[in-house]
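I opened my notebook to look around a structure I had not seen before. Here is what I looked up, entry by entry.

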Amino acid sequence: VLVESGGRVMTKEELMKRVWPDTIVEEANLSHNIYKLREALAEGRDGEKYIETLPRRGYRFVAKITEVDQELGDGELSVEEHTRLKVLIEEVGEEKNLTSLDQQVVATAAIEPRARKLPVILTASLILAAVAAFGAYKLLRPQPSAPNGPGVRSIAVLPFRPLVHNNSDPALELGMTDALITKLSNIGAVIVRPTSAVLKYNKLEQDPLAAGREQGVDVLLDGKIQRSADRVRVTAQLIRVSDGVLLWGGEFNESFTNIFAVQDSISGQMTRALALRLTQDEQKRLADRYTQNIEAYQLYLKARHVMEKRTAEDVRRSLDYFTQAIAIDGNYAPAYAGIAYSYYLLGAFKALTPEEAYPPGKKAALKALELDPSLAEGYAALARIKDAYDHDVVGAGEDYRRALEINPNDASTRRSYSSYLLKLGRVDEALQEAQKAQKIDPLLLIGNANLAEVFYHSRQWDETLKYMRRVRELDASFRTNYVSTFLYLSYMRKAMFEEAIREDAKRLALGASPETETNLVLALTEAYRTTGESGIWRKQIELAQKYQAKNPDLALFMAEAFSNLGDKDQTLHWLNRAADEKHPATWVLRSDPDFDSVRSDPRFEELLQRIAKDN
C-alpha cells in the first residue's frame, strides 16, 4: 500500500483500513509492522531511507519508485520466469518459516499484478521485506478455522522483572503484569491465572518453565521491563510449558507515555499467536484504555501494588493512591472501582465501621459503572457491598452474575459469589462456583479452603478432606483452627475417630503447648474408649469451656457438639449466642449439616430470619 501510494502521506487510519479491512487492529500493531519493515529493509545502514514518519499524520514511502508498463497478454509467466520465482520464494519461505501454502499465496500475489500497470521497486531487499511483511500479516490476521490455540486452555503471566538487576521498579513491574492479566482475563476461551497466583515468581533467578509447571498452565508469558528517564524498554516471550517452545517474542523500546500501546501490542499479539477467537466485546475490552494520563496511571499501579499485601494499613494506602489518580483524571473508571473495593475491604477488616466504609464504596462503584457500564470490577465491588451492607439479595446476585459474564477469570469474584449462594442455601450452585474459582487459581489457599467448606455443606466428606489436606500441605500455618475444624468434623462423619480426635485436640489446644495437645488427645481417646462417639462430643464440651473460653469460635464448638448429641435446647442456645456475636459461620447455617438435628424446629427458622436481617 505504501509503495502504491509512493510520495503521498498515508494516514494511520487509511493504512489500517487498507491493510486490515475487516479486522479490529490496535494502532500499536501498525507501528510495530512499520518498524519491522524498516528493519527488513535495513533502513539507515546504507544511508537509504524508505519510510518517513510524519508526526500526528501518518507515513510516506520516499524511496525511488520506477513504474514498468508491461503487457503479458493473459498475465502468465514463462516457464523460465515461473521457475526462477518459485525457487526464490521457496528459499525465502524457508528462511521466514512460511508454509508451502503461504509461499503459493506470495507467488500468486507476485504474479497477478504483472498483467496491469504497477509500480515496481527495483531492489531485492524489498522483495524480502514483502515476504517478511506477509509473515507478519499471517501472524496478526484472524485465524477463523483454527481452534483456540492447539491445546491451550490456560495462561500464566509471570511477574515482569527488571532488565538491569540493580534497577528494579516493583510498581512498574507488577503494574505491567497486572495490566496484561486484566486484559487477558476478559477472554472467555482461556483461564488466566490471577495476579495473586503469580506474585511469588518475582525472583530474578526464577525458572519460568518451573513456574509454569507448578501453576499447571499450557503457556506462559515471561517478560522484562526497564524504565530510563522518559523511555521504557520491554521484552516478552510466550512459551509453551510442555516443551519450552517459543511461540512468540517481542521487543519494544518506546517513550514511557506509550506504555499503553506496548500493553495493547503484547496482549494483541499474544492472542493472535495463540489463534484465540475473540468476540467483538472481547476485542473491545482487550483494546480498552481507561486513561491517557501517565501520572494517573502510575498512581493506579502503586495502588494495585500495595493492595496485594492485603493488610488494613496497605489497603488504606491503596485507597489514597486511587483517590489521587481520580483527582488527576476524573474519568478513570478502574480507579473508582479500586476505591470501591478498598472501602469494602476496610469494612470487612473492621478497620472502618460499616457506615464509614460501605456508603462511599457503593458511591465509587456506581461512578465506575457510570463511566464504563462494562467494567467487571465495578459490578463485583457493588455486589459485595449490596450483599454485606444493603442486604439486597436480588441486586447482589445480578451484579455478581454480570461481573462474571464480563470477566469469567476473576477467581476472587467467583469465591465471593459462591459464599453468597451458600448463604442462600443454594449449595449445588455454590459448589460449581467454588470449583471454577479453584480451577482458575489451583494453588490459592483460600480457594482450596473455600471449596472444601462448600463440599462439606454438600455432604461430600471425602472431597472436604481432600481439599483441606491440600491446604495444610501448601501451608501448615494457614488458619489452623479453621482447617482443623473441617477435618475434625469430616473425620467424625466418616467414623474415623482416631484422626478426628487428633484434629479436635489441635483446635482445642490452639495457643497452648504441645504437651497440652498431647494431654487433650489422651483425654478424648479415653472418652471414646469408655462411651464411644458420644463420649468424644461430651468431652469436647468440657474441654472447650476449659481451654477456649475466650475463643470467638467457642459458641460454634458448643453448638456443634450439642447438636450431634441431639440436645436441641442447648444447640439453639449456643447458636443464638453465636448469632449475637455475629460469627460468620452463622451466615451459612441454612445448609450446615451439623445442625440437621434442629432444622425442623421453628426456633431454628426464626434464628435464620434474624441472621438474614442482621447480616
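**Entry: a helix and its cover**

What covers the buried residues of α14? I found that the cover includes α13 and α15 (376–390), where covering rests on contact, meaning heavy atoms within 4.5 Å. By buried I mean under 20% relative accessible area, by exposed over 50%, and by partly exposed anything in between (1.4 Å probe, protein chains only). Helices (H or I, at least four residues) and strands (E, at least two) are DSSP runs, numbered from the N terminus.

A note on the source: this is a predicted model, where local features need pLDDT of at least 70 and side-chain atom pairs count only at pLDDT 80 or more, while totals for chains, interfaces and linings use all residues. Residues are numbered from 1 along each chain as its sequence is written, and side-chain values use heavy atoms, with hydrogens and water left out.

Back to α14. I listed its buried residues as Ala357, Tyr358, Gly361, Ala364, Ala365, Ala368 and Leu369. Seen down the helix axis, they fall within an arc of 135°, so they line one face of α14; the arc is taken from the directions from the axis to the C-beta atoms. Glu355, Lys363 and Glu370 are exposed on the other side.

I also checked the length. The 18 residues of α14 (354–371) should span 26 Å at 1.5 Å a residue, and the end C-alpha atoms are 26 Å apart, which agrees. The expected span is 1.5 Å times one less than the number of residues.

**Entry: the whole protein**

I noted 27 helices and eleven strands. Of the 615 residues, 49% are buried.

**Entry: the cores**

A nonpolar core here is a set of buried Ala, Val, Leu, Ile, Met, Phe, Trp, Tyr and Cys residues joined through side-chain atoms within 4.5 Å. The largest has 83 residues, and Leu221, Val234 and Ile266 have the most contacts inside it. Helix α13 (residues 333–348) gives the most to this core, with eleven residues. Apart from it I found another core, of 67 residues, with Tyr417, Ala434, Leu445 and Phe562 among them.

I then looked at Leu221 itself. Leaving out residues up to four places away in sequence, Leu221 touches several others, including Phe160, Trp248, Ile266 and Met270.

**Entry: Ser265**

Is Ser265 buried or exposed? Ser265 is buried, with a relative accessible area of 1%, and sits in helix α9 (residues 259–273). Its side chain makes a polar contact of 2.7 Å with that of Gln269. Such a contact is a pair of N or O atoms within 3.5 Å; within protein, one must be able to donate a hydrogen and the other to accept it, and residues adjacent in sequence count only if both atoms are side-chain atoms.

**Entry: a three-stranded sheet**

I traced an open sheet in the order β1-β3-β2, with antiparallel pairing. Two strands pair if DSSP finds at least two bridges between them. The edge strands are β1 (10–11) and β2 (51–54), each pairing on one side only. Two bridges join β1 to β3 (residues 58–61), and Thr11 stands opposite Gly58 in β3.

Ala229 has a positive phi of about 55° although it is not a glycine. I found Ala229 in the loop between β9 (219–228) and β10 (231–240), exposed at a relative accessible area of 64%. Ala495 also has a positive phi, near 60°. Ala495 lies in the loop between α21 (480–493) and α22 (497–508) and is partly exposed, at 48%.
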